[in-house]
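I open these entries with the chain fold and keep them brief. The model under study follows.

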Amino acid sequence: MCPNCQSLAWETRELTGHGVVYSYSILHHPRHPAFDYPLVAVLVDLDEGVRLVSDLVGVEPADVAIGMRVQVRYAETAGDLAVPVFERAEPLA
Amino acid sequence: MTGLRPGASVVGIGQTEFSKAAGRSETQLAAEAITAALADAGLSVSDVDGLVSYTIDPVEETELVRALGIPEVGWSSRVPYGGGGSQGVPLHAAAAVVAGVADVVVGYRAIKARSGPRFGAADVVRRPTSSHSGSTASQWCSPFGVITPASWFSFNCTRYMHEYGVTSADFGRAVVQLRDYAATNPNAHFYGKPITLDDHQSSRWIAEPAIRLFDCCQETDGAVALVVTAPDRARDTPAPVSIAAGAGAAMFEEEVASNHYRPDLAVLDSSVALGRRLFGASGVTRADIDVALIYDAFTPILFMQLEALGFCEPGAAKDFVADGNLGPAGSLPCNTNGGLIGEGYIHGLNLTIEAVRQLRGSAVNQIAGARTALVSASRTGVILQSLQGSP
């Protein structure tokens, strides 16, 4: 249900996969075997207005910053599944 | 605004020892703390007709009432979603007493957070099913390694630091004070172990840049209990303390594992609402608070509550703390038992019994003349007041 208008009408919509880092946390402890540490976890505000918990990949922990532009990629996970993670966005041409 | 009607009092407090390995069941720990609290109140198990605990508490009421020998429980409840709900225990107990559905309510929390399942361990919740403890929300965090309370909350903390220019050293100054209180509390995990700011700054990262090891509460084994009753019975007990106000706010909206989606995570909206509900309805003002017990699972949530509850402006907690206001001679002596960081983590309910001790004049780090105490767990809180003359 939509929490603003209580409508039950909904549809799926493809997003651009672009957004901005709203917050982050460099996780050191505890360490779960499924992840590489330090793990850069992020909150991403997608350009369409949705916020996600995810991970930032391909960026050194020291380089992560609030406000960084990011774009989605899909990381394989258990089974045949994939999860959306984020990498630094390509500079706009 | 509607507020909790006056009339309920905390008349007894009890606890087990706090340890790293209790060596007995949570049911036994609860039973020990409850009998201690009843003895403290001069009451017996046959007086009890109400029970309240946390949804996450492992003790089965069926076993507890049989172990204790309570003959007739007429009312019970559980408060949802962990330590942020901890002050819902005295709130529910007071509401039941004031409404007349129970005469003597026991609130308790029994936990083996050190020798049993640890909050800070790398356990992934496998079931996206709710035990009213945040596990439903975990399905959105666990796939990304965000699997502990520190990691859940650290996003909010990083944003808070970014908005207001707060540093880890700012947090460390509060921890030094908490550890100073703990150092003189024989019951505390860190009894006799004060630290310097350098010690804090060299403790290892848990969730950078907000939470170091020494910013984390101490996972603890133990139980605490309190007894709440109405004025006619409270009058005959040795040391009653009035529940002057009690409230919950945003009890579900800001559950910690799913509190990532509000527009501004640098502000605890729940604690803003809690302050409005506690101070608005009761006639008690912030200036009346002689001692504050503020839920400090991690240091940043203490800062964010100081601001949201109105003790200082948004972003000013770092200065409020640096100026010594949390200390025994400060304007708001805070977490005088050492807090959850220094004394131990009985999931927030040990803060409530420390407030009672302060108002009785029996605390280890006693604040002279304490008459009014605030206990805030960010989403739930109570204001307790001495019924007698100054201690």
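In what order do the strands of the open sheet in chain B stand? I read the order E3-E2-E4-E7-E1-E8-E11-E10-E9 for the 9 strands, with mixed pairing. Strands are DSSP runs (E, at least two residues; helices H or I, at least four), numbered from the N terminus, and two strands pair if DSSP finds at least two bridges between them. Strand E3 (75–79) and strand E9 (291–294) of chain B each have a single partner strand, so one side of each lacks a neighbour in the sheet.

This is a predicted model, in which local features need pLDDT of at least 70 and side-chain atom pairs pLDDT 80 or more, while totals for chains, interfaces and linings use all residues. Residues are numbered from 1 along each chain as written, chains are lettered from A and ligands numbered from 1 in written order, and side-chain values use heavy atoms, without hydrogens and water.

Strand E2 (residues 50–54) of chain B runs parallel to E3(B) and is joined to it by 5 bridges; B:Gly50 has B:Trp75 as its bridge partner.

I then turned to helix H3 (residues 88–99) of chain B. B:Gly100 follows H3(B), with a positive phi near 85°.
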